[in-house]
Amino acid sequence: MARKSYYLIARKQVRIKGKPVYYCRFRDAEGSLHPWRSTGETSKTRAELWALGRLNEAKERRDSITLAAFVKGFWTPGGSFVEGRLAHGFTLSNGYL
């Protein structure tokens with residue numbers, strides 16, 4: 001029997017307008033469980049839709065990019081590494097640029 005790819009619980013300690021908030025826990029391909037994440041939803045149906053949406057987003061990300069496409073231009077000016085370092089206030093030497 002295949003395991004579910006996510007689990008939902010209602011946390012009564014965390015409430016929005018007096019209703020419990022649903023939390024979701026995802027399982028990866030190897031079967032390991034990830035930490036609980038708040039869905040921000042007070043309805044189980046909406047929380048399930050949130051979880052399914054997250055699973056679809058993850059599948060699209062996995063299917064849409066290859067490692068070669070990700071690393072292309074990674075170290076060049078305008079690449080994701082350089083832009084991220086500059087955005088966080090780091091100065092880069094000419095070795096990076």
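The following questions and answers go through a predicted model of one chain.

Student: In what order do the elements of the chain run from the N terminus on?
Tutor: The model is a predicted one. Its secondary structure comes to three helices and three strands. Read from the N terminus on, these elements run β-β-β-α-α-α.

Student: Which strands stand at the edges of the sheet?
Tutor: The three strands form an open, antiparallel sheet in the order E1-E2-E3. A strand at the edge has a single partner strand, so one side of that strand is left without a neighbour in the sheet. The edge strands are E1 (6-16) and E3 (37-38).

Student: Over how many bridges do E1 and E2 pair?
Tutor: E1 and E2 form a hairpin with two residues between them. In the turn, lysine 17 has a positive phi of about 55 degrees. The pairing of E1 and E2 is antiparallel, and the number of bridges is eight.

Student: Which residue of E3 is the bridge partner of cysteine 24?
Tutor: Strand E2 covers residues 19-26 and pairs with E3 in the antiparallel sense over two bridges. Cysteine 24 is also the bridge partner, in E2, of leucine 8. In E3, the partner of cysteine 24 is arginine 37.

Student: Which elements give two or more residues to the largest nonpolar core?
Tutor: The largest nonpolar core has eight residues: Tyr6, Leu8, Tyr22, Cys24, Phe26, Ala47, Trp50 and Ala51. Among them, Leu8 and Cys24 are bridge partners. The elements that contribute two or more residues to this core are E1, E2 and H1.

Student: Is glutamate 41 buried, partly exposed or exposed?
Tutor: A search of the whole structure finds one salt bridge. In that salt bridge the side chains of arginine 46 and glutamate 41 meet at 3.3 Å, N to O. Arginine 46 has 49% relative accessibility and so counts as partly exposed. Buried means under 20%, and because glutamate 41 is at 18%, glutamate 41 counts as buried.

Student: What separates the C-alpha atoms of glycine 40 and valine 14?
Tutor: Glycine 40 lies in the loop between E3 and helix H1 (44-64), and it is partly exposed with a relative accessible area of 40%. Not counting residues up to four places away in sequence, glycine 40 touches Ile16, Val21 and Tyr22. Glycine 40 and valine 14 are 26 residues apart along the chain, and their C-alpha atoms are separated by 9.9 Å.

Student: What is the area of the nonpolar surface patch that includes Ile65?
Tutor: Isoleucine 65 lies in the loop between H1 and helix H2 (67-71). At 45% relative accessibility, isoleucine 65 counts as partly exposed. Ile65, Leu67, Phe70 and Val71 make the patch, and its area is about 400 Å².

Key:
Residues numbered from 1 in each chain as written. Predicted model: local features only at pLDDT ≥ 70, side-chain atom pairs only at ≥ 80, totals over all residues. Heavy atoms only, no water. Pairing = 2+ DSSP bridges. Helix = DSSP H or I, 4+ residues; strand = E, 2+ residues; numbered from the N terminus. Buried < 20%, exposed > 50% of the residue type's maximum accessible area, 1.4 Å probe, protein only. Contact = heavy atoms within 4.5 Å. Core = buried A, V, L, I, M, F, W, Y, C linked by side-chain atoms within 4.5 Å. Patch = residues over 30% accessible without salt bridge, like charges linked within 9 Å, V, L, I, M, F, W, Y side chains within 5 Å. Areas by Shrake-Rupley, 256 points an atom, 1.4 Å probe, with all protein chains shown as cover. Salt bridge = Lys/Arg side-chain N within 4 Å of Asp/Glu carboxyl O.
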